[in-house]
Amino acid sequence: MLNIAILCLSCYINYVSCLSLTSPDIIEKVVGRSVTITYVTDFADNDIFYFEINYNNSQIAGGTKGFFGKTPSTPFGNRLGTSSSLQSQKKYSLRIDNLKYNDTGLFFAEIRIFGSNLKANSTTKLIIYGGPSIISNLSSTYTVEENTTNYKVPIILQGHPKPQVTWEFDGNKNVRVETIDEKKRKYRYILTISIITREMNGKVLSYEAVGNRSKINETAKLNVTYSPTFCDTAVKVIEFEEVASAMFTTHVCGNPMPTVSMEFGGQSVAVTHNTAEKDKYKYTANLTSYLKPSRCGRELIATAENSIGEKTSKVVLKYKFTPGKVQNLKSSRKDKCIITTWKNVDTGNCEVWYTVKYYGGEELLHKQNTSSGKVGASFCDSDKVPKVNITRIVAISNDTFKQEGEEEIVTVVVAKDETKPGTKKTVIIVVVCLLTILLVIILVVCWIVYKKKKNKQDPEKESTGSGRRPLNQGTPLPHHSDADGYAIADDLIENNVERKNNTEGISLAQLDDGTYDQLEVMNDNPYIKNGAIVDNAAAKAYPPNNMKTYDSATNAVDKQPKKPEVYAYSRPRNTGDYNGVNPLAGKSTNQNLYSEPERQTSPEQPLGAGKSGAANP
């Protein structure tokens, strides 16, 4: 038994020693080349095993004794190939073409014997060298606006080892540079320019990157944009001695190239672009046809514009010109003076003086100059004034180039008194008439106001004479009153008689003696008069000859539903009874209740209404 055990142990030790797997520890390759990784193993011919290869913990190939190949999906794609050789030395190989920087990594291979715990493995580290290579390069031109701060120009390079980059701007290598490490051997290099000025336009920036076995470099230009400016030395006034050769030239700086327009005296001026230097452009204009006397001293306005902004330049133009002949010259003798007037010559903003000469025949008696802008002159208090019969005037330009205009001559006449006879007297009469009319209007208004106030203070004086006051000043007297002077109910309602909601009572007017009459009607029930009950039905059956009836259904003023007849009556003004009989004594008073009152007014005078909300009976 012991011998058998020793034999078995010997066989097991020999078996383990036969299982091995080897590969290079490190492989270094240049980017873009190919690499082959070979794994060598020893196993018995009758062993059943499984072999697999992983790349950065992901399987990329595997197989057995009879088959070895790549998995369907790998990071290498079609660049990965597999092969095997099962001769005396068993080999399994991987081939990767067109190596990239991100192919760098660990390749781990393992072989396992089926039916046992026996296995072997091997690890290979692949390192890709090379570069630098450009991932993001420089543009040929960088367009940036003037005064931009902290302007950044980036590039991205890849390589192993990390590329060393040197920047240069306008021949200066002392520049701000920032480096940011990214994944997969990528590095971002950033050049920062603190502030962009127009002087940097067209300047060159560049870099050089040095890697493992090579170096690269690139260049670019700055295109600095800015709004136009007038590059010439500023002048306020330009004077042209010869109008026929008057040319205006200006230089404008700007990027992009500006367009220039000009205007003089409200008229557009044709402009020509001639030549250009770096960011400097020349513009000219022929001004001969624009320099008229009426525009002298006015501003020539030049406007330069591009996509960034615009700029305006103004310059005053003065030039030699003949002022011309004055117009509307008049000269007259008045009192002890010669008064001369004329229409000013239009010379724009340029000064012009006038020389006035006074002649007596051919003899020059007096000469005087007027200041610029004046259009009149006088010659007084001289014994020569009566002798003057001719006045001559000439305009003279008074700027740098003095030039006389054409002389104008006029004969002196005696001044006329332009005041028309009787003008002052007529004005006085008109003023007096207007004041008189205004005074009359004021007096009439005051009288009307006085009368209104008087009537409000003493309404008794407005009494009709029958002992009844009118309703108000604006309400006409009842127009339905009969010849006997008794107001009917129609008039009472129309002239603001108060209606009560429940009793449909009519409050009658206050009489002169301070008493009141009241008439209340409720359907066909007896009505109350001064506290006494009166048989309404009996009153309607035997109405006295002075009683008036009213049916509200046909009334044009009161649109209420039909109500029973209402009776209106009158009474003496000086007592509270009717013809000396007390209406409160009982039924025997019914006859006297409607008897004819004493006449206080003429039959033609109608009864009035009382205070607001009441009417006379």
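Predicted model: local features only at pLDDT ≥ 70, side-chain atom pairs only at ≥ 80, totals over all residues.

Guide: What follows is a set of questions about the labels, each answered from the model.

Visitor: What makes R188 and E182 a salt bridge?

Guide: The closest N and O atoms of R188 and E182 are 3.0 Å apart. The cut-off is a side-chain nitrogen of Lys or Arg within 4 Å of a carboxyl oxygen of Asp or Glu, so the pair qualifies. A search of the whole structure finds 11 salt bridges.

Visitor: Why are R188 and E182 called partly exposed?

Guide: R188 has a relative accessible area of 27%, and E182 has 32%. Buried means under 20% and exposed means over 50%, so values in between are called partly exposed.

Visitor: Where does R188 sit among the strands, and what stands opposite R188?

Guide: R188 is in β15, opposite I180. Strand β14 (residues 176–181) and strand β15 (residues 186–195) pair in the antiparallel sense over six bridges. Two strands pair if there are at least two bridges between them, so β14 and β15 meet the criterion. They form a hairpin with four residues between them, and K184 in the turn has a positive phi of about 55°.

Visitor: D279 and K278 also form a salt bridge. How do you know which of the two is buried and which is exposed?

Guide: Their side chains meet at 3.4 Å, N to O. D279 has 11% relative accessibility, under the 20% limit, so D279 counts as buried. K278 has 56%, over the 50% limit, so K278 counts as exposed.

Visitor: What makes K325 and E408 a link between distant parts of the chain?

Guide: The side chains of K325 and E408 meet in a salt bridge of 3.1 Å, N to O. K325 lies in the loop between β25 (310–319) and β26 (327–334), while E408 is in strand β32 (residues 408–411), and the two are 83 residues apart. K325 has a relative accessible area of 32%, between the limits of 20% and 50%, so K325 is partly exposed.

Visitor: Which sheet includes β32, and why is β32 called an edge strand?

Guide: β32 belongs to an open sheet of four strands with the order β29-β28-β31-β32 and antiparallel pairing. β29 (363–370) and β32 each have a single partner strand, so one side of each is left without a neighbour in the sheet. The twist averages 20° from one strand to the next. Strand β28 (residues 352–360) pairs with β29 over seven bridges, and Y354 stands opposite T370 in β29.

Visitor: What is the order of the open sheet that has β1 and β7 as its edge strands?

Guide: The order is β1-β3-β8-β7, with antiparallel pairing. The edge strands β1 (20–22) and β7 (80–86) each pair on one side only, and the twist averages 15° from one strand to the next. β7 and strand β8 (residues 90–96) pair over seven bridges. In β8, L94 is the bridge partner of T82.

Visitor: Which residues have the most contacts inside the largest nonpolar core?

Guide: They are Y39, F51, I53, I60, F107 and I111, in a core of 29 residues. β3 (35–42), β4 (49–55), β5 (58–63), β8, β9 (105–113) and β10 (119–136) each supply at least two residues of this core. Beyond four places in sequence, F107 touches residues including I37, Y39, I60, F76, L94 and L126.

Visitor: And what does the record say about residues 427–450?

Guide: An unreviewed UniProt entry annotates residues 427–450 as "transmembrane region". In the model, this stretch is 100% helix and 0% strand, with its end C-alpha atoms 35 Å apart.

Key
Residues numbered from 1 in each chain as written. Heavy atoms only, no water. UniProt positions renumbered as here; feature names shortened; annotations may be inferred. Axes fitted to C-alpha atoms, helices over the stretch in contact; angles between N-to-C directions. Buried < 20%, exposed > 50% of the residue type's maximum accessible area, 1.4 Å probe, protein only. Core = buried A, V, L, I, M, F, W, Y, C linked by side-chain atoms within 4.5 Å. Contact = heavy atoms within 4.5 Å.
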